[in-house]
Amino acid sequence: MILQGVRRVLARTPIHVVLIVIAIVWMLPTLGVLITSFRSAHDISQTGWWTVFEHPFQFSQYTVENYDSVIFKEGMGRAFVNSLIISIPGTIIPVFIAAFAAFGFAWMKFPGRTALFIVVVGLLVIPLQMTFIPILRLFKFLHISGTFPGIWFAHTGYGLPLTVYLLHNFMAGLPRDLFDSAAIDGASTFQTFARIVVPLSVPAIASVVIFQFVWVWNDLLVALIYLGGSAKVAPVTLAIANLVGSRGQDWQVLTAAAFVSMALPLVVFFSLQRYFVRGILAGSVKG
Amino acid sequence: MRTKRWTPWVYVAPALALLTLFLVYPSIDTIRISFYDRSVSSFVGFQNYIYSFTNPTMLTAFRNNAIWVLLFTVFTVCLGLLLAVLLDRVRYERIVKSVIFIPMAISMVGASTIWKFVYAFRPAGAQQIGLLNGIVVALGGQPVGWLIERPWVNNFCLIAVGVWLWTGFCMVLLSAAYKNIPRQLMEAARIDGANEWQVFRKVILPLLWPTVAVVMTTMVVFVLKIFDIVYVMTNGNYSTEVIANRMYKEQFSFSNYGRAAAIAVILLMLIVPMMVINIRRFRRQEAIR
């Protein structure tokens with residue numbers, strides 16, 4: 001009996017070893033940056049971050065000075081605000097427009113409905129690179145390159161195929177009786193949409209909102225193209241990319257800046273894990 | 001649902017208008033521009049395409065994208081599969097899953113910064129502050145310039161960052177599919193005397209295959225467009241160039257709109273077949289459900 005138990009544990013040891021090694025490998029890079037962001041510039045350049053474990057509870061070796069400096073002196077505070085200014089409308093506008101379109105495609109009859117819907121979903125294959133040159137020329141002509149409204153519209157256009165597709169799939173699955181009884185009760189189309197369809201679609205909308213928000217927050221390429229190099233409008237991703245270029249060896253700056261940029265998506269991840277995972281999985285095909 | 005004739009258009013028109021403006025019109029215009037010179041003033045025929053397929057840096061970019069597609073896809077899918085199957089057998093499944101999935105919340109820029117620090121390099125004799133060189137030196141080796149050592153070491157190191165970011169994605173999808181396999185099938189095979197490897201090869205893998213295929217094509221489409229990691233970590237220097245970074249450089253550093261457009265069209269041509277396969281398979285799976 002006992003021997004068998006021991007043998008079973010031994011047989012499973014390789015599984016535990018493999019899993020724990022992988023988990024440690026996955027955590028170490030982030031842990032190193034987290035610890036480094038709380039060390040002084042002098043310590044960082046003198047010793048590896050792992051040396052703090054020789055005396056982990058000697059708190060005098062930690063400092064929040066790096067965060068103070070990146071947020072207020074290196075412009076990460078400004079960049080954080082810019083990221084919010086970009087991401088919030090960059091999420092609300094496309095989801096709002098997509099909800100109307102998804103409802104139209106799912107429950108209204110009009111000529112060309114199926115064909116148009118296939119085209120909308122088909123637009124998912126277009127890599128964003130295909131759009132940069134003409135849109136940037138258009139933005140320059142309209143004098144909105146390097147401004148927030150420009151990038152809001154860009155993220156709206158790029159986010160629509162996926163948001164329409166996902167919300168359509170959900171709304172199309174709502175029971176038909178719902179619409180029949182709403183019609184009998186004399187509800188207008190808009191009332192049906194606003195009072196019945198939208199409240200019932202909250203789980204789907206939540207996933208789409210989280211995906212779009214994290215996608216816009218973490219985006220570098222679109223910001224790089226339409227906002228250019230100006231620090232006044234740069235989001236966190238752009239600010240870090242610039243810091244890597246200009247302060248490449250100043251790890252006290254880079255590590256703290258990286259954590260400032262990661263803070264919000266990580267909070268979303270830990271507080272809304274289920275929706276977050278669902279949203280990311282559903283949104284992975286985005287261009 | 002009964003509506004007035006124009007009502008549906010009120011609902012779908014804003015989306016259609018924005019899609020036309022931001023995706024349809026620019027795509028067509030980019031194809032046109034790809035046949036023009038750097039300032040889009042005179043027609044040059046296929047010259048930009050000929051350039052793209054003969055210029056040495058472009059050829060390096062094609063080669064590197066091929067390496068990315070191969071290694072990134074193989075590693076993310078295989079690791080995801082390994083984790084999905086093994087984690088099902090342990091009690092701390094949820095914790096490890098979170099650990100592996102967390103990088104999906106981090107931007108590629110953030111991840112690149114994190115890994116640049118792992119790869120940090122100082123000459124032999126100096127105190128190493130990067131984790132990887134710290135380990136190498138502790139084991140008695142010579143420090144390595146991970147991001148400079150061309151062409152294999154640095155490209156592998158960049159791909160590792162991508163694998164770190166996206167394995168969690170593959171794991172979650174494959175794990176969900178794995179948990180849908182009826183347990184009796186595996187038990188029956190074990191009772192018939194199959195060892196664990198045989199159960200995996202003959203029972204689990206065939207049943208997981210449709211999901212594996214979708215995950216693989218998704219990874220290929222994603223990695224063909226890889227940009228951020230290369231842009232932040234090496235900016236394509238030391239033979240690490242990729243197609244998307246090249247396009248960015250042609251557009252912004254060299255202001256050659258014709259060439260940038262041609263590269264974008266080539267990227268589209270590479271992606272379309274993969275997306276068609278993916279959407280077809282996805283729809284077939286939905287039809288089964």
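Helix axes here are lines fitted to C-alpha atoms over the stretch in contact, and angles run from 0 to 180 degrees between N-to-C directions. Helices (H or I, at least four residues) and strands (E, at least two) are DSSP runs, numbered from the N terminus. The model is predicted, so local features need pLDDT of at least 70 and side-chain atom pairs count only at pLDDT 80 or more, while totals for chains, interfaces and linings use all residues. Residues are numbered from 1 along each chain as its sequence is written, and chains are lettered from A, with ligands numbered from 1, in the order in which they are written.

Chain A comes first. The C-alpha atoms of chain A fill a box of roughly 75 × 75 × 35 Å along the principal axes. Its radius of gyration, taken over C-alpha atoms, is 25 Å, whereas a compact globule of 287 residues would come out near 19 Å (the globule rule is 2.2 Å times the number of residues to the power 0.38). Buried residues make up 45% of the 287 residues in chain A; a residue is buried if 20 or more other C-beta atoms, placed from the backbone, lie within 10 Å of its own, exposed if 12 or fewer, and partly exposed in between. As for contacts (C-beta atoms, placed from the backbone, within 7 Å), 79% of those in chain A with a separation of 6 or more join residues 24 or more positions apart.

Chain B is built from helices too, with twelve of them and zero strands. Its C-alpha atoms fill a box of roughly 75 × 70 × 30 Å, again along the principal axes. Of the 289 residues in chain B, 46% are buried. Among contacts in chain B between residues at least 6 apart in sequence, 67% join residues at least 24 apart.

Where the chains meet, 76 residues from chain A and 72 residues from chain B take part in the contact. On the chain A side, helix 1 (residues 2-37) supplies the largest share, 14 residues. That side has 57 nonpolar, 19 polar and no charged residues; Ala, Val, Leu, Ile, Met, Phe, Trp, Tyr, Cys and Pro count as nonpolar, Asp, Glu, Lys and Arg as charged, and the others, Gly among them, as polar.

One helix pair spans the two chains. The axes of helix 6 (residues 129-142) of chain A and helix 1 (residues 7-33) of chain B come within 7 Å and cross at roughly 90 degrees. That makes helix 6 of chain A roughly perpendicular to helix 1 of chain B (angles under 35 degrees count as roughly parallel, over 145 as roughly antiparallel, 65 to 115 as roughly perpendicular and the rest as oblique). Helix 6 of chain A brings Met130(A), Thr131(A), Ile133(A), Pro134(A) and Ile135(A) to this contact, and the residues from helix 1 of chain B include Phe22(B), Tyr25(B), Pro26(B) and Asp29(B). By class, the contact of these two helices has nine nonpolar, three polar and one charged residues.

Another pair lies inside chain A. The axes of helix 7 (residues 148-172) and helix 10 (residues 202-218) of chain A come within 10 Å and cross at roughly 160 degrees, which makes helix 7 of chain A roughly antiparallel to helix 10 of chain A. Among the residues in contact are His155(A), Gly159(A) and Phe170(A) of helix 7 and Ala204(A), Val208(A) and Gln212(A) of helix 10. The residues of this contact divide into seven nonpolar, four polar and no charged.

Back in chain B, eight of the eleven residues of helix 11 (residues 243-253) are buried, so it is largely enclosed by the rest of the structure. The buried residues include Arg246(B), Tyr248(B) and Glu250(B). Helix 11 of chain B is followed by Ser255(B), whose phi is positive, near 45 degrees.A few backbone details round out chain B. Most residues other than glycine have a negative phi, and most peptide bonds are trans. Tyr238(B), in the loop between helix 10 (228-233) and helix 11 of chain B, has a positive phi near 55 degrees. Ser239(B) is also placed in the loop between helix 10 and helix 11 of chain B, and its phi is positive at about 60 degrees. Tyr238(B) is partly exposed, with 16 other C-beta atoms within 10 Å, and Ser239(B) counts as partly exposed with 16 C-beta neighbours inside 10 Å. A cis peptide bond joins Arg150(B) and Pro151(B), with omega about -10 degrees; Pro151(B) is found in the loop between helix 6 (131-138) and helix 7 (152-179) of chain B.

Key. Contact = placed C-beta atoms within 7 Å.
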